[in-house]
Structure formats: C-alpha cells, structure tokens
Amino acid sequence: MPTKAAVLGALSGVRGPELDEPITALGFVSELKIEDDTVFVRLRLPTYFCAPNFAYLMVADARSTALSVPGVREARIVLDGHHASGEINGGVNSGLGFEGTFPSETEGPDLDELRDIFSRKSFIARGEKLCRALLAEGCTPSELAQMRLGEVPPSGAFEKYLERRAELGLDVSTEASLVVDPDGNKVPEDAVVEHLRFARLTRVSIEGNAGFCRGVLAARYDKQEEEKEATL
Amino acid sequence: MAVQEANVYAGLSVAIAFMHTRPRYFAQIIGECLYWLDEDRILFASDYALWQPKWLVEQFVDFQIPEDMQGEYGALTPDIKRRVVLGLNTAHLYDLEVPSEIPQPTAVSASEEEYPEAPY
C-alpha cells in the first residue's frame, strides 16, 4: 500500500497556479486518505470564486500526480467549497478534460498553454531571486551575463531555479549560460539589467498573489474552525 | 500587459492591505507600479467589500517607501498620494469634476512613448 508520506511528497510537486508554491505548503490540501491502492485527496481554495480554470488545473494535476505514485491505482480528488466544485470534480475524476467539463464555455486549446505560462513565470521569478542574491554578494550585471551554470555557487535558490529551468526543457548543463529568457536564449549583456527589472516585477506579483491567497484562506477556514470549536 | 497597453491601469484595492501586514512588500508593489506605469495609471478604490476602506486611505496618506528602498524605488510625494488615494486619476479617467479646493496634480513627466518596454 502506498504511504501517506509518498503521496504527500508527490503532491508537493503540484503548485498553486500563479502562486509558485506547493499546494501542500499553501494549505490547499485539507485531507488525505489511502485505502488499499486508492488515494482520496480533499482540496480547498481561498475563495469559492477562484478562477475555475486555475482550480481545474490544480485538481487535474493533483490527480495525475497521485496516480504517478507507485502502487496507486485510483485517485479521487475532491475540491470543496468552490462554485464549480461539482463540474470540476466530475470532470477531472472521469478524465473529461477542461473542454469536456465546461463544453461551449471555453475556447482554444486545453489548459496546457495556461500551465506553460505559469511555468515560464515561475522560471523568470526564480531566476530573479537567484540573480538578486548573486548581485548582493558582489557580482556585477556583466559578470552575471557571462556566467555559466557551473560557476553558480550552490544554494537553495539555485536548486529551485534549476528545477524550473528543467521543467521548461531548457539546457541545465554546467556549460549553459545562467541568464536566459524562457525560450532558452541567452540575454545579451546590455539587456541583463532590464531583464532583471522585468523579472522582479514578475516575482513581486507572484509573491503578492501567494501572500494574498494565504491570508484569504486563513480568514476563510481558520474562522470556520474557530466557530466550529465554539459551538462544540 | 499593462506596460504595452496605454489604457491598462493598476488597481491597488487588494494589494494595498499589504501596507498593514507587510509594509516593505507593499513598498515593492507601489514601487513597481510607479516604475512600469507612472503615477497617472495607478488607481485605488474600495472594490469588492473585502475591507472597510477608511483606514486604508488614512494609512496610505502617512505611508512612505522605507528609506533604504528609496534608492531603488524613489519616494512617494503628496502629489502621487492625491492622485492614487484621493482619486484624481480616477476622476480624470471617468471625466469627473474635481472640486476646485483640491490641489491639481502636476503634469506627468513621461509621455506614453517613454514607458519602459517589457522584454517579452
């Protein structure tokens, strides 16, 4: 039987869209049960009106991630307290896809494009965090522009950055340039400062979303839990 | 998007509460808005009723970007505050009449062409 730790570990690879933090760390996973080879995951969000496509993406990713854990044959994911909980839960658990879940309400390709946008943003923001730390340690922008991955001192920020970089399918070999755009093109030396300036905007925006969502989630559920305790 | 489109504005109605919980983070937000959009494309309104707005307005009038961050982001002037909080930008956008006793904003220095461009 798969362990809770193994499933939680896998679920920590699912990130809140546009928040760039694991759903496990954000408090979005409210329950996890395992019976034989079946996993039950209960998810919750800061509001009942969070973007349905973002919510769908998270539920779908949670399901495919849970199914990827060795020994798991079935995964049932339930999103609580969302205006589209019914459609999303039904659609994800029967593999309808986003289009099939909301027929005639969506246009364009499935959610892969959206997922890709979040991956690119996450990569840009993580790169900014890393470069910011390197600049604080005395690196100049032109040194950054010339730097190769093999020359970056090890750090948690660097590890995270490499993860995101690999996720986009970009070169992560030691000879590859550090400062590249989300398509893997080296940022020229005279554009590095502007690149980082824009990257900072992306990071500030992601951090703001995450901070705001945490606050609203706490207001929604901590209060409910207090009220529940008070009536017991 | 806001950088490329001249008719896109930043609304502080939600982000402004960081001023209370994480003032240094709020300084980054307002600093980024000022850099990328200029002070004439930032708005504040109470928005969806998440918070009672009175304290937000009062606290913003007293808010300043911390000194050690001003090298990066500059400082907030009374003119910026009047534009953002007291609604002069909004009045301009919606063509509302501003009472004559309210100081008029000084002209914004940068023209549309001078806005920084997003690299992608």
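For contact I used C-beta atoms, placed from the backbone, that lie within 7 Å.

I noted the ground rules next. This is a predicted model, where local features need pLDDT of at least 70 and side-chain atom pairs count only at pLDDT 80 or more, while totals for chains, interfaces and linings use all residues. Residues are numbered from 1 along each chain as its sequence is written, and chains are lettered from A and ligands numbered from 1 in the order in which they are written.

**Chain A overall.** I looked up its secondary structure and found 9 helices and 3 strands. These are DSSP runs, helices being H or I of at least four residues and strands E of at least two, numbered from the N terminus. Along the sequence I read α-α-β-β-α-β-α-α-α-α-α-α. The C-alpha atoms fill a box of roughly 60 × 40 × 40 Å along the principal axes.

**The sheet.** I found an open sheet of 3 strands in chain A, in the order β1-β2-β3, with mixed pairing. Strands pair if DSSP finds at least two bridges between them. The edge strands are β1 (29–35) and β3 (74–79) of chain A, each pairing on one side only. I then checked β2 (residues 38–43) of chain A: 6 bridges join it to β3(A), and the two run parallel. One bridge partner I noted is A:Glu74 in β3(A), for A:Thr38. Helix α3 (residues 52–67) of chain A lies across β2 and β3 of chain A, at about 155 degrees to β3(A). Axes are lines fitted to C-alpha atoms, for helices over the stretch in contact, with angles from 0 to 180 degrees between N-to-C directions.

**A helix pair.** How do α6 and α8 of chain A cross? Their axes come within 9 Å and cross at roughly 150 degrees. I therefore logged α6(A) and α8(A) as roughly antiparallel, the term for angles over 145 degrees. On the contact I listed A:Phe123 and A:Leu130 among the residues of α6(A), and A:Phe158 and A:Tyr161 among those of α8(A).

**Chain B against chain A.** I found 11 residues of chain B in contact with 10 residues of chain A. Helix α2 (residues 23–37) of chain B gives the most to the chain B side, with 4 residues.

Technical notes
Two residues are in contact if their C-beta atoms, placed from the backbone, lie within 7 Å. Angles under 35 degrees count as roughly parallel, over 145 as roughly antiparallel, 65 to 115 as roughly perpendicular and the rest as oblique.
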